[in-house]
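The text after it goes through the fold step by step.

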Amino acid sequence: MNKDEMIENLQYELNITLEAALLLAGVKKDRLEDAVQRYIECVDDVLDGYEGDDNEVLVLISHLKNTDKDLFS
């Protein structure tokens, strides 16, 4: 497996892991793509200067729950 294939496989694994985390957090299945897009869009703004001890993925999902309530059940 070459480097490009490894990167592609890792991107796939990260994507399905993020989707699983969002679904477990209560994202509506039919809004999953929207939630992933919003997650990606808010990463820099939400985590800029973040120095907390909480998991950054959980911080971002919590942010989405507060700002994009329509994505969640």
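What follows covers the overall layout, then the helices in turn, and then the end of the chain.

The model is predicted. Its protein chain has 3 helices and 0 strands, and the order of elements from the N terminus is α-α-α. Along the principal axes, the C-alpha atoms of the protein chain fill a box of roughly 40 × 35 × 20 Å. The chain has 73 residues, of which 23% count as buried. If contacts between residues at least 6 apart in sequence are taken together, 45% of them join residues at least 24 apart.

Helix H1 covers residues 3–24. H1 has 22 residues, and from its first C-alpha to its last it reaches 32 Å, close to the 32 Å expected at 1.5 Å a residue. At the start of H1, Asn2 places a side-chain oxygen within 3.0 Å of the backbone nitrogen of Asp4. At the other end, H1 is followed by Gly26, which has a positive phi near 110 degrees.

The loop between H1 and H2 contains Asp30. Is Asp30 buried or exposed? Its relative accessibility is 65%, and because the cut-off for exposed is over 50%, Asp30 counts as exposed. Asp30 also gives a sense of the distance back along the chain: its C-alpha is separated by 31 Å from that of Asp4, and the two are 26 residues apart along the chain.

Helix H2 covers residues 32–47. How do H1 and H2 pack, and at what angle? Their axes are 10 Å apart and the angle is about 110 degrees. Angles of 65 to 115 degrees count as roughly perpendicular, and H1 and H2 are therefore roughly perpendicular to each other. On the H1 side, the contact is made by Asn15, Leu18, Glu19, Leu22 and Leu23; on the H2 side, by Leu32, Ala35, Val36 and Tyr39. The residues of this contact of H1 with H2 divide into 7 nonpolar, 1 polar and 1 charged.

Helix H3 takes up residues 56–67. H3 has 12 residues and reaches 16 Å between its first and last C-alpha, close to the 16 Å expected at 1.5 Å a residue. Asn55 caps the N-terminal end of H3, with a side-chain oxygen 2.8 Å from the backbone nitrogen of Val57. Which residues of H3 are buried? They are Val59, Leu60, Ile61 and Leu64. An α-helix has 3.6 residues a turn, so residues three or four places apart point the same way. The buried residues of H3 pack against both H1 and H2.

The side chain of Asp68 makes a polar contact with the side chain of Thr67, at 2.7 Å.

The other is Ser73, also in the segment after H3. Ser73 counts as exposed because its relative accessibility is 80%. Beyond its neighbours within four places in sequence, Ser73 is in contact with Gly26 and Lys28. Gly26 is the residue with positive phi that follows H1. From Ser73 to Lys3 the C-alpha distance is 39 Å, and these two residues are 70 residues apart in sequence.

Technical notes
Residues are numbered from 1 along each chain as its sequence is written. Side-chain values use heavy atoms; hydrogens and water are left out. Helices (H or I, at least four residues) and strands (E, at least two) are DSSP runs, numbered from the N terminus. The expected span of a helix is 1.5 Å times one less than its number of residues. Buried means under 20% relative accessible area, exposed over 50%, partly exposed in between (1.4 Å probe, protein chains only). Contact means heavy atoms within 4.5 Å. A polar contact is a pair of N or O atoms within 3.5 Å; within protein, one must be able to donate a hydrogen and the other to accept it, and residues adjacent in sequence count only if both atoms are side-chain atoms. Axes are lines fitted to C-alpha atoms, for helices over the stretch in contact, and angles run from 0 to 180 degrees between N-to-C directions. Angles under 35 degrees count as roughly parallel, over 145 as roughly antiparallel, 65 to 115 as roughly perpendicular and the rest as oblique. Ala, Val, Leu, Ile, Met, Phe, Trp, Tyr, Cys and Pro count as nonpolar, Asp, Glu, Lys and Arg as charged, and the others, Gly among them, as polar.
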